[in-house]
Amino acid sequence: MQCFHCGREVRETTHKPKSYKVDYYRLHTGHTELDFLVNPKLDAPPLRYLRLTNPIDILTCVECYARPEIRRRLDDDITGRRALFDVRADGNHFTELAAKG
Ligand SMILES: [Zn+2]
């Protein structure tokens, strides 16, 4: 498992009797598209909903999670302003992020 942002290997959360160490956070996301369900009620309009297509888990290591610009990207993805992995598909953007590391 690797951090989506910096690419470092992340470890599972380790538990000790009185503490635990979190190494990464998981965001379950993916492309969404508007879809319709037939409304079971007669003469009612179809029900609209957002269907998750290509579900993907994005892992963020604790160091990246502490960086405000990465938190903003995660927020943008959750709220639907901008999808995270569409950003990554843009090669220039990803290079710029990696160079900062
Ligand atoms: Zn990272």
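What percentage of the contacts in the protein between residues at least 6 apart in sequence join residues at least 24 apart? The share is 47%, where two residues are in contact if their C-beta atoms, placed from the backbone, lie within 7 Å.

**Figure 1. Overview of the predicted model.** Residues are numbered from 1 along each chain as its sequence is written. The model is predicted: local features need pLDDT of at least 70, side-chain atom pairs count only at pLDDT 80 or more, and totals for chains, interfaces and linings use all residues. The protein contains 4 helices and 4 strands, and from the N terminus these elements follow the order β-β-β-β-α-α-α-α. Helices (H or I, at least four residues) and strands (E, at least two) are DSSP runs, numbered from the N terminus. Of the 101 residues, 12% are buried; a residue is buried if 20 or more other C-beta atoms lie within 10 Å of its own, exposed if 12 or fewer, and partly exposed in between, with C-beta atoms placed from the backbone.

**Figure 2. The largest nonpolar core.** Nine residues form this core: Cys 3, Phe 4, Val 10, Tyr 24, Ile 58, Cys 61, Cys 64, Ile 70 and Leu 84. A nonpolar core is a set of buried Ala, Val, Leu, Ile, Met, Phe, Trp, Tyr and Cys residues joined through C-beta atoms within 7 Å. In soluble globular proteins, nonpolar side chains tend to be buried together. Not counting residues up to four places away in sequence, Leu 84 touches Thr 29, Ile 58, Arg 73 and Asp 77.

Figure 3. Arg 51 belongs to strand β4, which covers residues 47-61. This residue counts as exposed because it has 12 C-beta neighbours inside 10 Å. Apart from neighbours within four places in sequence, Arg 51 contacts Thr 32, Glu 33 and Asp 35. Leu 34 is 17 residues from Arg 51 in sequence, and their C-alpha atoms are 6.1 Å apart.

Figure 4. Helix α1 spans residues 62-65 and includes Val 62. Val 62 is partly exposed because 13 other C-beta atoms lie within 10 Å. Beyond neighbours within four places in sequence, Val 62 is in contact with Val 22, Asp 23 and Tyr 24. Val 10 and Val 62 are separated by 52 residues in sequence and by 9.1 Å from C-alpha to C-alpha.

Figure 5. Helix α2 (residues 68-79) comprises 12 residues. From first C-alpha to last it reaches 16 Å, close to the expected 16 Å; the expected span is 1.5 Å times one less than the number of residues. Just after α2, Gly 80 adopts a positive phi of about 85°.
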